[in-house]
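Please consult the sequence and the model while reading.

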Amino acid sequence: MSDVTQDTSVPRPDGVWTRLRRRKMAMFGLVLVLLIVGAALAAPWIAPYDPFEQHFDGLTLFGEPLPPGPDYLLGTDLLGRDLLSRLLYGARTSLIIGVVANGIALVIGTVVGLTAGFFQGWIGAVLMRFTDLMMAFPALLLAICLAAIFHPSLWIVAFVIAMVNWVQTARVIYTETRSLTERDFIAAQRTLGASTARILFKHILPHLVPMIIVWGTLGISTTVLLEATLSYLGVGVQPPTPSWGNIIFENQTYFQAAPWLVFIPGAAILLLALAFNLVGDALRDVLDPTQRGND
């Protein structure tokens, strides 16, 4: 009878945090995320130099970048700019795009999936066929085409990435919504005369929140990697605005002479993606009601 009136599969926040703290890898990922976000927010205060400043002593006598040393902790780039300062400010760019683009993708995917899964019929068929059509295009190729049409900038890149990343969320939300609409407690609400808005926002959407949180966490790493790829290909955030992807793009010609210019930003991208994936994987297990009691 309890399944008719309510569903208890939504975990309590305090229980989620308790279970999350038991997972060492999740805590490691969370610490990495906090460190990277903290460094990005504090970039104006902890960056040793202006990220756009070209230093007269930032190149060797042969015009090559300086290796890491006491004056420039991570060395300089091909224009004599401090690499550490550009990495710190580049983290802000990559994180802004990751959060904004992923947030837009989550909203679009949730609205499309929720609408298609709840109403079904011709509305659901049209929305999901459009979703399938978008999924048929390779995400990177579609992003490159969209970025080439619009003049690349920070916000345009975020919008482009959102336009290619919402389809996975829509498909997952659609499947879960269809499953929920067939549950007894939803049928009971309809029998009692509950409005469509009440069923959607009071009884279905709360059950989708854990899934949205997980996809939102995992999606940030995917978004950051896609931004880095677009910037590396020259259709992402345009120089001199620093992002981790275009730092690699700008300095790839010095891959052999100054490998730190490629390895260090590449390692930063890897660490950020790893951190969000560790946290997202842990949240997926913690918020999954079928996994309760296994910790």
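Q: Is Asp132 buried, partly exposed or exposed?
A: This is a predicted model, in which local features need pLDDT of at least 70, side-chain atom pairs count only at pLDDT 80 or more, and totals for chains, interfaces and linings use all residues. Residues are numbered from 1 along each chain as its sequence is written, and side-chain values use heavy atoms, with hydrogens and water left out. Buried means under 20% relative accessible area and exposed over 50%, with partly exposed in between (1.4 Å probe, protein chains only). Because its relative accessibility is 27%, Asp132 counts as partly exposed.

Q: Which residue forms a salt bridge with Asp132?
A: A salt bridge is a side-chain nitrogen of Lys or Arg within 4 Å of a carboxyl oxygen of Asp or Glu. The closest N and O atoms are 2.8 Å apart, and the partner is Arg129.

Q: Which residues are linked in a network of salt bridges?
A: Arg86 and Asp77 meet in a salt bridge at 3.8 Å, N to O; Arg86 is buried at 1% relative accessibility, and Asp77 is buried with a relative accessible area of 1%. Arg81 and Glu250 form another salt bridge, with the closest N and O atoms 3.3 Å apart. This pair links distant parts of the chain, 169 residues apart, from the loop between α4 (43-46) and α5 (83-119) to helix α11 (residues 244-251). The network consists of Asp77, Arg81, Arg86 and Glu250.

Q: Which helix supplies the largest share of the lining of the second largest pocket?
A: On a 1 Å grid over the protein atoms alone, a pocket is an open set of points where a 1.4 Å probe fits, with protein on both sides within 12 Å along at least five of seven lines; lining residues have an atom within 4 Å of a point. Of the 15 residues that line this pocket, those closest to its centre are Ile36, Leu87, Leu88, Trp244 and Ala268. Helices α3, α5 and α12 (260-287) each supply at least two lining residues. The largest share, five residues, comes from α3.

Note on methods:
Helix = DSSP H or I, 4+ residues; strand = E, 2+ residues; numbered from the N terminus.
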